[in-house]
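Keep the structure open while reading.

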Amino acid sequence: MIYSDDVMIELRRDFHKIPEPGFEEFKTSARIKKQVDDMPQEYLTIEPWETGYFIKVQGSNPSQTIGYRTDIDGLPVDEKTGLPFASEHEGFMHACGHDFHMTIALSLLNHFAHEQPKDNLLFIFQPAEEGPGGAEPMMQSAIFKQWKPDWMMALHVDPLRQVGTISTKPGLLFANTGEFNLHLEGKGGHAAFPHDANDMVVASSYMVTQLQSIISRRINPLDSAVITIGKIESGKKENIIADRADTEGTIRTRSKEAMQLVKQNILDMGEGISKSFQCNVDVEWGSSYKQVWNDEARVSSFMNFVEADPNVQFELSKEAMTGEDFGFFLDEIPGFMFWLGVDGEAGLHEPTLNPKEAAIPIAVETVKNYLTSEMKR
Ligand SMILES: CC(=O)N[C@@H](CCC[C@H](N)C(=O)O)C(=O)O
């Protein structure tokens, strides 16, 4: 039994109101549990993991286990949509569509809880996709090892594509990622006596600007990479020279080799800045996600299915520099991720992101039919 469109929309809006940071998705987790508790329990086994869940649907005559993963966390974005169901958590927003992802996963789960599938299904409600990453530790859990799927799939909303569009490709879909923080520490002082201080606003500005020369001068132009500094914090007042600067950034690369190259160059550049500005530069590495690599055979079967489906439009995707810790699953288990068109004026991570809810039932119907068709083999 598929939820009605109204139920799906209500569920999505409930999630939209309560975005939470990674590993603190307490209300979200409770909302998921409530929804699952209302489903028939006969074929379900639920195992909580941190704020997430593994939920197994027992197949009637299983010859395989298929994994379906959704992420559940929100982002530190001040929502500016003005929607009546806008975030009730100040400073947080579902600005990456995880409210859609959860709704679609629960709708699929509800269907298979009512109509027992032939094969086993493992639904994974994963915390902390936006960081520090829930996929890798989830995979290390005993329950995942016990219920390990034979193959897996997941989707991500895409506001740049029309509702009704599904897009993916074989091989590389999303980049390798690496978070990093730079901590610069020098000597503060009076704005009028710069020669007696080591100004960390100036030092960090040089560093941030120089980082881009790694992309333009160190990376082979036929490969590609991105460095984005998303946050800088420094200084207290206009007439006090700042004694520290802290920045947060992320690296994206197409190849694993380029990631190593960028990281080494950041370290080298830190040493150079430290010398020229007589300050301390500490580079702290955050989590790194493996690339999302779609298995050729698995994704081709999905692409062929979608191309033959008159209700959706298939578009061959290009690679994107987005990251996704679903890449950890795909590094060990064959499978794929695809983009779901949700049509919107604003892009992912923007405070006015407003994906069209009409995409939800389309995704549920398509994935439900695809999974069912894969179970007949
Ligand atoms: C789909 C998406 O937007 N994913 C995030 C993943 C973030 C990874 C990590 N926090 C980092 O910034 O490196 C993205 O920003 O691409």
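In this predicted model, helix α3 and helix α10 (residues 359-375) have axes that come within 9 Å and cross at roughly 45°. That angle makes α3 oblique to α10. The crossing of the two helices is right-handed.

**Helix packing: α3 with α10**
- On the α3 side, the contact is made by Phe100, Thr103, Ile104, Ser107, Leu108 and His111.
- On the α10 side, Ile360, Ala363, Val364, Val367 and Lys368 make the contact.
- By class, the contact of α3 with α10 has seven nonpolar, three polar and one charged residues.

**Helix packing: α1 with α3**
- Helix α1 (residues 5-17) and helix α3 (residues 98-114) have axes that come within 9 Å.
- These two axes cross at roughly 140°.
- Angles over 145 degrees would count as roughly antiparallel, so α1 and α3 are oblique to each other.
- The crossing of α1 and α3 is right-handed.
- From α1, the contact takes in Met8, Leu11, Arg12, Phe15 and His16.
- From α3, it takes in Asp99, Phe100, Met102, Thr103, Leu106 and Ser107.
- By class, the contact of α1 with α3 has six nonpolar, three polar and two charged residues.
- Phe100, Thr103 and Ser107 of α3 are in the contact with α1, and Phe100, Thr103 and Ser107 are also in the contact with α10.

**The eight-stranded sheet**
- An open sheet of eight strands runs in the order β1-β2-β4-β3-β5-β16-β6-β15.
- Pairing in this sheet is mixed.
- β1 (44-49) and β15 (313-316) stand at the edges.
- Each of these edge strands has a single partner strand, so one side of each is left without a neighbour in the sheet.
- Neighbouring strands are turned by 25° against each other on average, direction ignored.
- Strand β5 (residues 151-158) and strand β16 (residues 335-341) run parallel and are joined by seven bridges.
- Aspartate 158 has glycine 341 in β16 as its bridge partner.
- Helix α8 (residues 296-308) lies across β5, β6 (165-168), β15 and β16.
- The direction of α8 is at about 35° to β16.

**The four-stranded sheet**
- A second open sheet has four strands in the order β10-β12-β8-β13, with antiparallel pairing.
- β10 and β13 (280-289) are the edge strands, and each pairs on one side only.
- Neighbouring strands here are turned by 20° against each other on average, direction ignored.
- Strand β8 (residues 176-185) pairs with strand β12 (residues 244-253) in the antiparallel sense over ten bridges.
- Glutamate 185 stands opposite arginine 244 in β12.
- Strand β10 (residues 225-234) runs antiparallel to β12, with nine bridges joining them.
- Serine 234 has alanine 245 in β12 as its bridge partner.
- β8 also pairs with β13 in the antiparallel sense, over eight bridges.
- Leucine 184 stands opposite valine 281 in β13.

**Helices on the four-stranded sheet**
- Helix α6 (residues 200-217) lies across β8, β10 and β12.
- α6 runs at about 170° to β10.
- Helix α7 (residues 256-277) packs on the sheet and touches β8, β10, β12 and β13.
- The direction of α7 makes about 165° with that of β13.

**Record annotation**
- UniProt lists residues 179-266 as "domain: Peptidase M20 dimerisation", in an unreviewed entry.
- The span of residues 179-266 is 33% helix and 35% strand.
- The end C-alpha atoms of residues 179-266 lie 12 Å apart.

**Backbone details to check**
- Glycine 131 and proline 132 are joined by a cis peptide bond, with omega about 0°.
- Proline 132 sits in the loop between β4 (120-126) and α4 (135-139).
- Glutamate 50 has a positive phi of about 50°, although it is not a glycine.
- Glutamate 50 is in the loop between β1 and β2 (52-57).

Note on methods: Residues are numbered from 1 along each chain as its sequence is written. This is a predicted model: local features need pLDDT of at least 70, side-chain atom pairs count only at pLDDT 80 or more; totals for chains, interfaces and linings use all residues. Axes are lines fitted to C-alpha atoms, for helices over the stretch in contact, and angles run from 0 to 180 degrees between N-to-C directions. Angles under 35 degrees count as roughly parallel, over 145 as roughly antiparallel, 65 to 115 as roughly perpendicular and the rest as oblique. A crossing is left-handed if the near helix is turned anticlockwise from the far one by less than a right angle, and right-handed if clockwise. Two residues are in contact if their C-beta atoms, placed from the backbone, lie within 7 Å. Ala, Val, Leu, Ile, Met, Phe, Trp, Tyr, Cys and Pro count as nonpolar, Asp, Glu, Lys and Arg as charged, and the others, Gly among them, as polar. Two strands pair if DSSP finds at least two bridges between them. UniProt positions are given in the numbering used here, feature names are shortened, and annotations may be inferred rather than shown by experiment.
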